[in-house]
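Try each task before reading its solution.

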Amino acid sequence: MSAPAFLDARTDQVRPLHVLQREQFGGWCAQQPPAVAAWLQAQGFSAAPGTLALLPGEAGVAGAVLGIADAGDPLSYGHAPMGLPAGSAWEVVSALSADARAALELGWGLGAYRFDRYKAATRAPARLLREAVDARTDALLAACLRVRDLVNTPTQDMGPDELEAVVRQIGAEHGAQVEAITGDALLAQNFPAIHAVGRASHRAPRLIALRWGAEDAPKVSLVGKGVCFDTGGLDLKPADGMRNMKKDMGGAAHAIALAELVMRQRLPVRLTLLVPAVENAIGPDAFRPGEIIATRTGVSVEIDNTDAEGRVILGDALAHAGEDKPEVLLDFATLTGAARIALGPELPVLFSNDDALANAWLAAGERTRDPLWRLPLWRPYLRYLTSHVADLANAGSRMAGAVTAALYLERFVPAGTPWAHLDVYAWNDNDRPGRPAGGEAMALRAAFEMLRSRYAP
């Protein structure tokens, strides 16, 4: 962010901010001086969700009223930082519960965010005076902004090398072990599918691995799709489909941010993070439609479409993650346009082979107002991945595209491993309060809440 969103010490310029739901507004307004009530009435202000009104004073702005919807939803407050005067400082004077206060601070930070690595922000956000620093809220905010920063950074500065550097930097901060298997070493160590997808790029493909926590702690494994740019390969994407493909590592961004959050909050788990990082490039050595590639499990895969590359690299990573026999295996991936067609850009699609795990994530999404929606692993649709010359095809039909992609992944998850897959957009197509255009964290807070509730209730 170009300017801080919070004040942790009072200044003389702090103004009062009244936070109200529409149904509270009438009673509050009746208690205000007649001039204030008349001023708000003249503007037609009713504290509708997503609105605000400045209150006049002898020296200018004397205060403000913020209209919200759900007090526990961080996005209810997202319009405040950019709606209030630039750089101004505010103190909430309304009575808020601890949960609402945490939501306010999280939403304020989300609304204040602007990606300014290459272009200075056009204005500073309004700042919020905090009563005290809430470590969990700060950690959640940092994780969400980590996703945004990683996804927003273009590929020339966020290729496989740079993604590895980010994981190494995070690992060093938290005392984690980090290694990377790079280039032809992928073949030597039996990750042939990752190598096949990434071999055409001048940037070597790799599997980045981070491990943290006590050896005897419950095992949690996270896997994130790290396609740092996706041309579609030889099945080339059209220009409009390729335009934002710097975001095709959005799954990796989610997995990295969640791993950092787990370590920062010191959940009592044995954490493994795996990121297969590649560019799906075009070149003399690009993998081809009709090619049959090997995988870590020995399953042979016929390439029906080189633009269905994410599932190919994830197969090797999921198989490796399953070898540790984790209690929980989660993967995140910007995997299919079919998921967006089914549920739109704001609602990530959840698939799972374990009802308890899926229900825990869904319930955590409701508690944190960080929603996701489950679709079925409808196994009869495996017929759409039939190959006549290999064990499996990586694509093959337009029908149920998100389901068949998840079924492909499930083939590489060891039997009996509780696994959940999130097909996530990781992007805002346009600016909205609290959700600026560009990279976005989705169901990340819900994932952490699910893990926190399970391992550190």
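**Exercise 1: Charges over rings**

Arg130 lies over the face of Phe6, at 4.5 Å from the ring centre. This is a predicted model, in which local features need pLDDT of at least 70 and side-chain atom pairs count only at pLDDT 80 or more, while totals for chains, interfaces and linings use all residues. Residues are numbered from 1 along each chain as its sequence is written, and side-chain values use heavy atoms, with hydrogens and water left out.

Task: find what sits over the ring of Phe191.

Solution. Start from the criterion: NZ of Lys or CZ of Arg must be within 6 Å of the ring centre and within 35 degrees of the ring normal. Then look above Phe191, where the charged end of Arg296 sits 4.2 Å from the ring centre.

**Exercise 2: Aromatic pairs**

Task: classify the pair Phe115 and Tyr118, then the pair Phe332 and Trp361.

Solution. Rings of Phe, Tyr and Trp (its six-membered ring) pair if their centres lie within 6.5 Å; planes under 30 degrees apart are stacked, over 60 edge-to-face, and the rest tilted. The whole structure holds 6 aromatic pairs. For Phe115 and Tyr118 the centres are 6.0 Å apart and the planes meet at 55°, so this pair is tilted. Phe115, at 27% relative accessibility, is partly exposed (buried is under 20% relative accessible area, exposed over 50%, partly exposed in between, with a 1.4 Å probe and protein chains only). Tyr118 is partly exposed too, at 44%.

Next, Phe332 and Trp361 have 5.8 Å between centres and 65° between planes, which is edge-to-face. Phe332 belongs to strand E14 (residues 328-333) and Trp361 to helix H13 (residues 355-368), so the pair ties together parts 29 residues apart in sequence. Helices (H or I, at least four residues) and strands (E, at least two) are DSSP runs, numbered from the N terminus. Phe332 is buried, at 0%, and Trp361 is buried, also at 0%.

To finish, ring pairs link Phe25, Trp28 and Phe45 into a cluster.

**Exercise 3: Two helices**

Task: describe how helix H6 packs with helix H10.

Solution. First take the geometry: H6 (residues 160-174) and H10 (residues 250-264) have axes 10 Å apart at an angle of about 5°. Axes are lines fitted to C-alpha atoms, for helices over the stretch in contact, and angles run from 0 to 180 degrees between N-to-C directions. The two helices are therefore roughly parallel (under 35 degrees; over 145 is roughly antiparallel, 65 to 115 roughly perpendicular, the rest oblique).

Now list the contact (heavy atoms within 4.5 Å). From H6 come Leu163, Val166, Val167, Ile170, Glu173 and His174, and from H10 come Ala252, Ile256, Glu260, Met263 and Arg264.

Finally, zoom in on Ile170, a residue of H6 that is buried at 1% relative accessibility. Leaving aside neighbours within four places in sequence, Ile170 touches Arg146, Ile256, Glu260 and Met263. From Ile170 to Ala259 the C-alpha distance is 9.1 Å, although they are 89 residues apart in sequence.

**Exercise 4: Positive phi**

Task: where do Ala47 and Ala400 lie?

Solution. Ala47, with phi near 65°, is in the loop between helix H2 (34-43) and strand E3 (52-57), and is buried at 0%. Ala400, with phi near 50°, is in the loop between strand E17 (392-393) and helix H14 (401-410), and is partly exposed at 30%.
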